[in-house]
Amino acid sequence: MVDPTLESTTQPIIRVAGAVKRYGEGDAAIFALAGVDLTIYPGEYVAIMGPSGSGKSTLMNILGALDNMTKGKYFLDGIEIDSMDENALSIVRGRKIGFIFQSFNLIPRTTALANVELPLAYQGIKKDERRKRALKALDVVGLSERIDHEPTELSGGQQQRVAVARALATRPALLLADEPTGALDSKSTQDLLDLFDQINNAGRTVVVITHEDDVGSRAKRVVRMRDGLIISDTLNKGRVA
Amino acid sequence: MNILEIVRFAFRGLGTNKLRTALTTLGIAIGVASVIILIAVGNGSSKQIQSSIDRLGTNTITIQANRGGFGRQAASRGASSKPLTVADAVALSDPIKAPDIKQVAPVASATATCTNGSNTSTPGTFNGTWPAWFEASNTSIAKGSYFTNDDVVQGRRVAVIGNTTATDLFGTQSPIGQEIRCGGIPFTVIGTTTVKGSSGFQDGDSLVVAPLTAVQRSLTGYNSLQSIVVEAKSAKVQDFAQTEINTIMDAQHKVKNTSNRDYRTLNQASLLATSSSNSSVFTVLLGVVAAISLLVGGIGITNIMLVTVVERTREIGIRKAIGAPKGAILSQFLIEATILSLVGGGIGVIGGYIGSHFKIIGIQPVIVPASVLLASGVSVLIGLFFGSYPASRAASLRPIEALRHE
């Protein structure tokens with residue numbers, strides 16, 4: 001269910017229709033997604049929840065253009081993604097989406113600053129501009145003091161914040177986080193969720209996958225999945241202004 | 001995404017495992033250097049053979065007696081086999097019958113130890129001959145003078161000696177005008193020859209040359225000559241000179257069957273052809289050995305690129321997830337492979353240049369420029385070719401597959 005204040009006033013940032021993801025063939029076929037429809041509008045903060053094997057990670061990988069669907073349509077910011085070739089997809093990943101992973105996925109032996117600059121470099125942004133935007137993103141996540149540290153010299157919480165800075169630096173339309181707190185302690189989890197609030201309050205769309213209720217409770221909209229299907233889609237009353 | 005940026009990524013990628021990068025570079029460097037040095041050694045040895053043949057004299061044909069031999073051929077020649085004589089040399093000097101022969105020098109070779117007081121020297125070559133020998137054998141005088149036709153006619157015991165013999169007998173003193181004893185016979189030194197150098201198997205400066213008559217009278221006797229050296233008027237008419245020699249010698253030796261002569265002729269052209277074909281076989285063999293080591297270097301690059309790509313598959317996944325285009329990833333790995341092979345090739349070329357300044361098994365290597373181009377070109381091509389396969393495999397992965405790789 002979509003926040004009624006947003007619906008139909010703007011173009012949806014995400015529109016997925018009849019998404020099917022099948023692994024294997026014939027009798028051995030397993031449906032990770034069995035026909036999912038989902039629409040998300042700009043400025044929403046959505047948590048996709050479900051037990052493991054419910055298909056939420058598969059959905060996230062498809063939303064992030066990291067994986068392809070067996071069947072279905074996917075429009076991101078009005079652009080049809082499912083029929084794009086690899087080169088066009090790399091541009092979409094770089095410009096439209098900021099991805100945050102459970103295991104951080106920073107480039108090893110590379111400083112925080114260089115990690116944040118990397119997606120900007122792939123977009124061909126000039127060095128000075130890149131440096132400026134990376135420093136600003138690191139400032140937003142509160143890591144201005146640690147820009148020269150390599151991933152191994154940072155705590156889990158700090159690494160995840162570098163990853164958030166990397167995702168923000170490209171000014172994406174959409175921030176996708178796949179179990180972002182899965183590898184963090186409770187203090188870092190709270191810090192990260194506060195950061196997500198701050199990012200969403202600034203107007204950016206945030207989609208979080210999680211199986212933790214306290215993470216889900218911070219979102220404004222909760223989508224629950226089971227066996228490759230959406231079983232509920234509710235607004236989080238306490239969080240919607 | 002500009003190319004400089006990708007080059008920077010490539011350098012950073014190489015920098016993350018410095019030992020592996022260094023070892024791969026070393027492998028290529030050794031491959032390239034060995035191609036250059038081994039081909040240079042092969043080339044050097046053929047140059048050396050050529051120059052020692054050049055030193056023997058150009059346009060010259062050497063006639064030797066066909067002694068011995070095996071089986072029926074030797075038996076049928078039997079008693080009719082005649083030694084080479086001064087009469088043969090005189091006959092060959094006939095300008096009417098042999099218009100293409102410039103000059104003729106009969107050579108009698110002796111084996112004798114020469115002494116000057118307590119100093120002794122056994123020259124590798126001790127020739128009794130005519131003055132024409134000097135020009136025909138490309139031997140010139142450094143100090144003093146040649147002996148003359150008059151010396152030959154008079155049988156004067158004078159000698160021209162080579163540099164090695166002079167040093168052995170006189171040290172740093174001038175030998176000119178001094179008397180030496182060879183095989184007990186006194187000879188007066190009237191000249192020394194210019195330094196010829198070693199031809200690998202024989203010291204060209206261990207030499208005594210004296211008038212034919214003097215050597216025959218005192219050391220070898222008048223029976224037979226070692227050889228007759230004939231100089232053609234030019235390299236062009238060498239074939240005519242050869243025919244004239246055969247006609248005159250066949251008549252002199254009453255040869256009935258031209259396939260069974262009791263003498264044989266050696267000319268520089270045939271010596272040259274034989275030796276250069278030998279040394280080109282040598283060069284090819286060395287080249288093959290070197291090419292194998294270059295190939296091993298190339299397999300090293302492939303191996304490293306495969307390991308690197310597998311090891312960094314996850315990193316490739318991350319890069320793709322944050323928007324790296326396929327081309328950028330492919331270029332990064334290709335540039336890494338190219339840097340490896342360029343740097344390795346460069347070090348190899350430098351190593352090859354330095355290495356070929358040293359004598360190797362007595363041979364001064366002479367670099368063949370084409371081998372430098374070949375070796376460095378092949379190393380770069382190997383890098384690109386074998387680097388492109390793992391790189392394109394990695395770049396074509398879907399990001400989610402790459403990210404799941406552990």
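Glu117(A) counts as buried in this predicted model, because its relative accessibility is 7%, where buried means under 20% relative accessible area, exposed means over 50%, and partly exposed lies in between, with a 1.4 Å probe and protein chains only. Glu117(A) forms a salt bridge with Arg131(A), and the closest N and O atoms of the two are 2.6 Å apart; a salt bridge is defined as a side-chain nitrogen of Lys or Arg within 4 Å of a carboxyl oxygen of Asp or Glu. This pair links distant parts of the chain, with Arg131(A) in helix α4 (residues 127-140) of chain A and Glu117(A) in helix α3 of chain A, 14 residues apart. Helices (H or I, at least four residues) and strands (E, at least two) are DSSP runs, numbered from the N terminus. Arg131(A), with a relative accessible area of 35%, is partly exposed.

The model is a predicted one, in which local features need pLDDT of at least 70 and side-chain atom pairs count only at pLDDT 80 or more, while totals for chains, interfaces and linings use all residues. Residues are numbered from 1 along each chain as its sequence is written, chains are lettered from A and ligands numbered from 1 in the order in which they are written, and side-chain values use heavy atoms, with hydrogens and water left out.

Over all chains, a search of the whole structure finds 27 salt bridges. One of these joins Asp194(A) to Arg218(A), with the closest N and O atoms 2.5 Å apart. Here too the pair links distant parts of the chain, since Asp194(A) is in helix α6 (residues 186-201) of chain A and Arg218(A) is in the loop between α7 (213-216) and β9 (221-226) of chain A, 24 residues apart. Asp194(A) counts as partly exposed at 40% relative accessibility, whereas Arg218(A) counts as buried at 15%. Salt bridges that share partners also join Lys21(A), Asp67(A), Arg398(B) and Glu401(B) into one network. In a further pair, Arg93(A) forms a salt bridge with Glu86(A), the closest N and O atoms being 3.4 Å apart; Arg93(A) is buried, with a relative accessible area of 2%, while Glu86(A) is partly exposed at 25%.

The backbone of chain A was examined next. Most residues other than glycine have a negative phi, and most peptide bonds are trans. Asn105(A), although not a glycine, has a positive phi of about 55°, and the residue is placed in the loop between β6 (97-100) and α3 of chain A. Asn105(A) is buried, as its relative accessible area is 4%. Glu179(A), which is not a glycine either, has a positive phi of about 45°; Glu179(A) lies in the loop between β7 (174-178) and α6 of chain A and is buried, with a relative accessible area of 8%.

A cavity is a set of points, on a 1 Å grid over the protein atoms alone, where a 1.4 Å probe fits but cannot get out, and its lining residues have an atom within 4 Å of a point. Grid points are joined across faces, edges and corners, and a volume is the space filled by probe spheres set on the points. By this rule there are three cavities of 30 Å³ or more, and the largest cavity holds about 160 Å³ of space. The largest cavity is lined by 15 residues, of which Ile107(A), Pro108(A), Thr110(A), Glu315(B) and Arg319(B) lie nearest its centre. At least two residues of this lining are supplied by each of α3 (112-122) of chain A and α1 (3-15) and α11 (313-321) of chain B.

Chain B is divided into domain 1 (3-52 + 274-404) and domain 2 (67-261), with bounds that come from an automatic or database domain assignment. The centres of these two domains, taken over C-alpha atoms, are separated by 55 Å. Phe385(B), found in helix α13 (residues 369-395) of chain B, counts as exposed at 59% relative accessibility. The C-alpha atoms of Phe385(B) and Arg8(B) are separated by 21 Å, and the two residues are 377 residues apart along the chain. His357(B), in the loop between α12 (326-355) and α13 of chain B, is exposed, with a relative accessible area of 61%.

Technical notes. 1 Å grid on protein atoms, 1.4 Å probe; cavity = no way out; pocket = protein on both sides within 12 Å on 5 of 7 lines; lining within 4 Å.
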